[in-house]
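Open the model in a viewer and keep the selection panel at hand. The stops below are meant to be taken in order.

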Amino acid sequence: MERTATPEASPWRETGASPAPGPGHAGLRVSNQDREQVVEHVKTAYAEGRLDKFEFDDRLERAMTARVHGDLMPIMYELYGSRPAVPAFHPQTGGRPLPYPAARAKDGGERLGAAAAHLLPLTGLFAIGPLIMLLAAGRTSPHVRRHAVEALNFQLTLLGASVLLAITVVGAVLIPAVWIGGMVLSVIGGVKALTDDDFRYPLAMRPVK
């Protein structure tokens with residue numbers, strides 16, 4: 001039977017690190033990484049037999065569609081009750097633990113899928129390539145989803161910038177340089193994905209969450 005807990009029995013208040021947002025932060029919007037970290041906990045609980053298929057699908061859907069931390073916190077309470085989740089070290093936070101452990105690739109297949117999201121645009125698929133990977137594997141693999149969303153947003157940014165630059169003569173001259181730079185960044189993103197690392201495109205707009 002699942003264990004539940006009230007806010008007074010928060011699993012994170014028992015640790016000195018306080019790795020999760022408190023009740024006062026429940027209304028703050030979550031990032032893709034926040035969602036992916038909770039999804040990883042849900043997948044682990046399912047693999048350990050603590051959730052049945054219906055419970056797994058329910059919590060996975062809630063985690064993937066969460067908008068604020070208040071949507072994610074009940075899932076963690078349901079999974080751990082009064083037992084604290086193990087915080088994860090993350091170099092980008094200077095050693096401070098993230099709210100939830102980061103989702104990493106489980107095998108080479110996930111790394112290849114994430115790399116494909118960055119590299120498919122080089123074949124002429126542009127935004128379609130990352131979108132294919134997002135729809136094909138993004139729901140079951142947080143690692144692939146994270147990279148596919150990032151690559152998709154970058155390709156949409158490139159397309160939008162090209163349309164705007166084409167309005168002026170000077171801008172039209174710059175378009176080839178912009179796309180060459182985009183190709184280089186796509187290769188870097190693919191390499192980062194293969195090494196199970198995070199990658200953020202510079203100057204990219206992020207309409208897709």
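Two residues are in contact when heavy atoms of theirs lie within 4.5 Å. The model is a predicted one.

Start by selecting Ser 162, which sits in helix H6. Is Ser 162 buried or exposed? Its relative accessibility is 13%, under the 20% limit, so Ser 162 counts as buried. Show the side chain: Ser 162 reaches the backbone oxygen of Leu 158 with it, at 2.8 Å.

Next, select residues 142-165, which form H6, together with residues 32-47, which form helix H1. The two helices pack with their axes 9 Å apart, at an angle of about 165°. Because angles over 145 degrees count as roughly antiparallel, H1 is roughly antiparallel to H6. Their crossing is right-handed.

Now display the side chains where the two helices meet. On the H1 side, pick Asn 32, Glu 36, Val 39, Glu 40 and Lys 43. On the H6 side, pick Pro 142, Arg 145, Arg 146 and Val 149. Colour this set by residue class: five are charged, three nonpolar and one polar.

Finally, move to the loop between H1 and helix H2 (53-64) and select Leu 51. With 6% relative accessibility, Leu 51 counts as buried.

How values were computed:
Residues numbered from 1 in each chain as written. Predicted model: local features only at pLDDT ≥ 70, side-chain atom pairs only at ≥ 80, totals over all residues. Heavy atoms only, no water. Axes fitted to C-alpha atoms, helices over the stretch in contact; angles between N-to-C directions. Helix = DSSP H or I, 4+ residues; strand = E, 2+ residues; numbered from the N terminus. Parallel < 35°, antiparallel > 145°, perpendicular 65-115°, else oblique. Left-handed = near helix turned anticlockwise from the far one by under 90°. Nonpolar A, V, L, I, M, F, W, Y, C, P; charged D, E, K, R; others polar. Buried < 20%, exposed > 50% of the residue type's maximum accessible area, 1.4 Å probe, protein only. Polar contact = N/O pair within 3.5 Å; in protein donor to acceptor, adjacent residues only side chain to side chain.
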